[in-house]
Amino acid sequence: MTGKISIDAHLERVRAGLDRIDPQQAYAAAESGEALLVDTRYAALRERDGLIPGALVVERNELEWRLDPQGTHRAPEATSHDLRVIVFCNEGYASSLAAASLRQLGLHRATDLIGGFQAWKAAGLPVTEAT
């Protein structure tokens, strides 16, 4: 049985290759313009819990297409492979996998937010209602 791994082991392996950051670090990086926050949560969670001001919303199934600087469907913010991208999901699990996928595309500074949106909100950082 070669090549088989549990999701927990895979997540641990993926996270070992990321420089994950906490909410305060993510806030400082975004405020200084050093990083782009990317919200991959689905619409129902954004509507229920709100948004992080200034974060680019890109649902997970579109992430690689929208952030590939060479892609024809890229977001205007996806300007370079040197862009520091901080991906977040609801609790910080799927975002680790998403950041690893972006790194495979050459976005070598991609990482994710430890604890996701819920940790950001619990830290008392800015959140706005979804419109």
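**Notes on strand β3 and its surroundings**

1. This is a predicted model. In it, strand β3 (residues 85-88) pairs with strand β4 (residues 111-112) in the parallel sense, over two bridges. Within β4, D112 is the bridge partner of V87.

2. Strand β1 (residues 36-39) also runs parallel to β3, and four bridges join them. Here V87 of β3 stands opposite V38.

3. Is β3 covered on one face or on both? Both: V85 and V87 are buried on one side, and I86 and F88 are buried on the other. In a regular strand, side chains alternate between the two faces of the sheet.

4. Which residues have the most contacts inside the largest nonpolar core? They are L36, V38, L56, L63, L67, V85 and L102, in a core of 15 residues. At least two residues of this core come from each of β1, α4 (63-67), β3 and α5. Another core, of 13 residues, lies apart from it; A26, A29, I52 and L113 are among its members.

5. L102 deserves a look of its own. Leaving aside residues up to four places away in sequence, L102 touches L63, E64 and L67, V85 and V87, and also L107 and A110.

Terms used. Residues numbered from 1 in each chain as written. Predicted model: local features only at pLDDT ≥ 70, side-chain atom pairs only at ≥ 80, totals over all residues. Heavy atoms only, no water. Buried < 20%, exposed > 50% of the residue type's maximum accessible area, 1.4 Å probe, protein only. Pairing = 2+ DSSP bridges. Core = buried A, V, L, I, M, F, W, Y, C linked by side-chain atoms within 4.5 Å. Contact = heavy atoms within 4.5 Å.
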